[in-house]
Amino acid sequence: MRLKGARLERLRPFDKFRFVRLDLADREGMERFFADHAFERVVHLAAQPGVRYSLENPHAYVESNLSGFINVLEGCRHGNVGHLIFASSSSVYGANTLMPFSVHHNVDHPVSLYAATKKANELMAHAYASLYQIPCTGLRFFTVYGPWGRPDMAYFLFTDAILRGEPIDVYNRGRMKRDFTYIDDIIEGVVRVMDLIPEPNAGWSGDSPDPGTSFAPYKIYNIGNNNPVELMRFIETLENVLGVKAEKNLLPIQPGDVPATFADVDDLVRDVGFKPSTPIETGIQKFIEWYKEWIASTG
């Protein structure tokens, strides 16, 4: 992760925060990092994200998401970390069409390398939970948006293009649904899960294995808005907040994309008493306010 200028300045007021620039795939560096600290919890959110970029540069995903993640797991193992919370993705549902997507559904048919690496992370974490009794919780995030988001995400690209008076690329001719989840809801879910240490499921059976739980201290949760929104409605909301109509370039669906996502969050609600609920009207308004301030501050 790279932090520069204003973004890094925003982190400095936190007295107990320490920023370390370190490549996850640097095995020796990661070993030293974990050896120098005693972590009670590890929240692992770093990764090479994005479906489309995985088609262009697959090796980046192997280096960060696989090699990097094994270094995190080894650090947790040798550092006796009490709970590893790691980011997975709704992309793992791949070719699944039964909705809403449940953590108790099988997810063996990814349609992008990115999705395959996130599924691999879940399998790797489960192996370490089983072998070394490291409590591990995987969080499948659904289409996260909001301030300080990824510039390659559609809503970021749409906003930039609309304000520049340029057309926006709308894939699958707009016939897409996404469970857009505002960043504050994601953070709330992560914080609530941190101290919920997963325990083995006494009712788990190898005859009918439940993918969402385990005989090991391992658990998976969806964190999504539980309310899929048509892509065209999302764009319309952006237009309303910006006060500008977008020129739309309607294109076929891209390789690796799925037509719809929809999160079942029943387990999250039951176990931590929280359900993401920020409507897109509120989330987009907050994002646009931040975006305009950010553009002004960066020139």
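I take helices (H or I, at least four residues) and strands (E, at least two) as DSSP runs, numbered from the N terminus.

**Basis of the entries**

I am working on a predicted model, in which local features need pLDDT of at least 70 and side-chain atom pairs count only at pLDDT 80 or more, while totals for chains, interfaces and linings use all residues. Residues are numbered from 1 along each chain as its sequence is written, and side-chain values use heavy atoms, with hydrogens and water left out.

**Entry 1: salt bridges**

I counted a salt bridge where a side-chain nitrogen of Lys or Arg is within 4 Å of a carboxyl oxygen of Asp or Glu. The structure holds 16 of these salt bridges.

For accessibility I call a residue buried under 20% relative accessible area, exposed over 50% and partly exposed in between (1.4 Å probe, protein chains only). D160 is partly exposed at 28%, and R164 is exposed at 57%.

I then looked up the pair E122 and R140, whose side chains meet in a salt bridge of 2.8 Å, N to O. This pair links distant parts of the chain, 18 residues apart: E122 lies in helix α5 (residues 113–132) and R140 in strand β3 (residues 136–141). E122 is buried, with a relative accessible area of 4%; R140 is also buried, at 1%.

A further salt bridge joins D152 to R150, with the closest N and O atoms 2.9 Å apart. Here D152 is partly exposed at 43%, and R150 is partly exposed at 29%.

I also noted a network of salt bridges that links K219, D267, R270 and D271.

I located S102 in the loop between β2 (83–89) and α5. S102 is buried, at 9% relative accessibility. I took contact to mean heavy atoms within 4.5 Å. Leaving aside residues up to four places away in sequence, S102 touches Y93, R140, N222 and D264. R140 is also the salt-bridge partner of E122.

I fitted axes as lines to C-alpha atoms, for helices over the stretch in contact, with angles running from 0 to 180 degrees between N-to-C directions. I classed angles under 35 degrees as roughly parallel, over 145 as roughly antiparallel, 65 to 115 as roughly perpendicular and the rest as oblique.

From α6, the contact is made by Y155, F158, T159, I162 and L163; from α8, by L231, F234, I235, L238 and L242.

**Entry 2: packing of α8 on α10**

I found α8 packed with helix α10 (residues 280–298) at about 50°, with axes 10 Å apart. That angle makes α8 oblique to α10. The contact involves R233, F234, T237, L238, V241 and L242 of α8, and I280, E281, I284, Q285, I288 and K292 of α10. By class, I recorded seven nonpolar, two polar and three charged residues.

Methods:
Ala, Val, Leu, Ile, Met, Phe, Trp, Tyr, Cys and Pro count as nonpolar, Asp, Glu, Lys and Arg as charged, and the others, Gly among them, as polar.
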